[in-house]
Amino acid sequence: MDYTDKFKTVLYEDEKVIASTSASKKSYILKLILAPAIIFLVATLALTIVAITCPRRFVPSDGSFWSRDHYTGMPLWVLFLVSGVLLAIFGLVFFLSYKSANNYYIALTEKRIIIRRGALTTDFSYLAIDKVSGNIHITCNQSIFDRNENNCALYISIELLPVGHRGISIATPPIVDGYNFSMAIDKQVKENAKLQTIQTIKE
């Protein structure tokens with residue numbers, strides 16, 4: 001699917017999008033909310049067990065000098081209050097994850113890799129690939145939630161010129177058709193490298 005329109009405000013006049021894709025929303029959201037969901041469930045379960053096993057009850061004084069009437073156990077309002085706060089936090093995390101998943105796009109042009117992201121605002125990151133040596137390493141990690149699809153998270157390292165100077169690294173969340181998108185990056189990097197004169201750092 002073509003997402004060129006998501007990048008039209010940051011493209012140069014002579015710049016053309018070769019390939020573009022978006023986040024795999026299901027995997028992106030589940031990855032972000034999994035830990036908060038587990039924390040919420042475990043905390044709520046623990047508090048519920050405490051509330052059941054140690055209910056709030058009144059303990060009268062036994063008549064001794066130091067003894068006073070008092071209450072023991074956990075009141076139910078503590079369970080509801082803490083569970084409510086945790087639920088609100090989980091809801092906020094889910095909302096931000098949903099917004100982020102629907103605003104993550106990555107595009108490849110002849111000279112740049114452009115990443116669009118953001119939950120409440122939109123930010124762009126630009127990675128120049130016009131001066132490269134051609135050395136590139138790509139890892140495509142597939143989530144268990146995408147095992148029946150061609151989606152994956154990419155980890156890419158690209159060596160820049162002059163050789164030995166520095167490189168760029170890219171890590172994406174699970175993206176749609178990540179394998180083919182990574183192949184497009186690999187192809188473009190190698191094509192750009194053919195146009196360069198290899199240089200090395202002088203000691």
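Visitor: How many aromatic pairs does a search of the whole structure find?
Guide: Happy to start there. Keep in mind that this is a predicted model. Rings count as a pair if their centres lie within 6.5 Å. Searching the whole structure on that basis, the number of aromatic pairs found is four.

Visitor: Is the pair of Y3 and Y105 stacked, tilted or edge-to-face?
Guide: The ring centres of Y3 and Y105 are 4.9 Å apart, and their planes stand at 50 degrees. Planes under 30 degrees apart would count as stacked and those over 60 as edge-to-face. The angle of 50 degrees therefore makes this pair tilted.

Visitor: How many residues apart are Y3 and Y105?
Guide: Y3 belongs to the segment before β1, while Y105 is in strand β4. The pair thus links distant parts of the chain, and the separation is 102 residues.

Visitor: Is Y105 buried or exposed?
Guide: The cut-off for buried is under 20% relative accessible area. Y105 has a relative accessible area of 7%, so Y105 is buried.

Visitor: Which parts of the structure does the pair of Y28 and Y104 tie together?
Guide: This is a tilted pair too, with ring centres 6.2 Å apart and planes at 45 degrees. Both tyrosines, Y28 and Y104, are buried. They are 76 residues apart in sequence, so the pair ties together helix α1 and the loop between α2 and β4.

Visitor: Is α1 roughly parallel or roughly antiparallel to α2?
Guide: Helix α1 covers residues 25-53 and helix α2 residues 76-101, and their axes are 9 Å apart. The packing angle is about 180 degrees, and angles over 145 count as roughly antiparallel. That is why α1 is described, relative to α2, as roughly antiparallel.

Visitor: How many nonpolar residues does the contact of α1 with α2 have?
Guide: Sorting the contact by class gives one charged residue and five polar ones. The nonpolar count is 20.

Visitor: Which strands are the edge strands of the open sheet?
Guide: The sheet has four strands in the order β1-β4-β5-β6, with antiparallel pairing. An average twist of 15 degrees separates one strand from the next. The strands that pair on one side only are the edge strands, β1 (17-22) and β6 (123-128).

Key. Residues are numbered from 1 along each chain as its sequence is written. This is a predicted model: local features need pLDDT of at least 70, side-chain atom pairs count only at pLDDT 80 or more; totals for chains, interfaces and linings use all residues. Side-chain values use heavy atoms; hydrogens and water are left out. Axes are lines fitted to C-alpha atoms, for helices over the stretch in contact, and angles run from 0 to 180 degrees between N-to-C directions. Helices (H or I, at least four residues) and strands (E, at least two) are DSSP runs, numbered from the N terminus. Angles under 35 degrees count as roughly parallel, over 145 as roughly antiparallel, 65 to 115 as roughly perpendicular and the rest as oblique. Ala, Val, Leu, Ile, Met, Phe, Trp, Tyr, Cys and Pro count as nonpolar, Asp, Glu, Lys and Arg as charged, and the others, Gly among them, as polar. Two strands pair if DSSP finds at least two bridges between them. Rings of Phe, Tyr and Trp (its six-membered ring) pair if their centres lie within 6.5 Å; planes under 30 degrees apart count as stacked, over 60 as edge-to-face and the rest as tilted. Buried means under 20% relative accessible area, exposed over 50%, partly exposed in between (1.4 Å probe, protein chains only).
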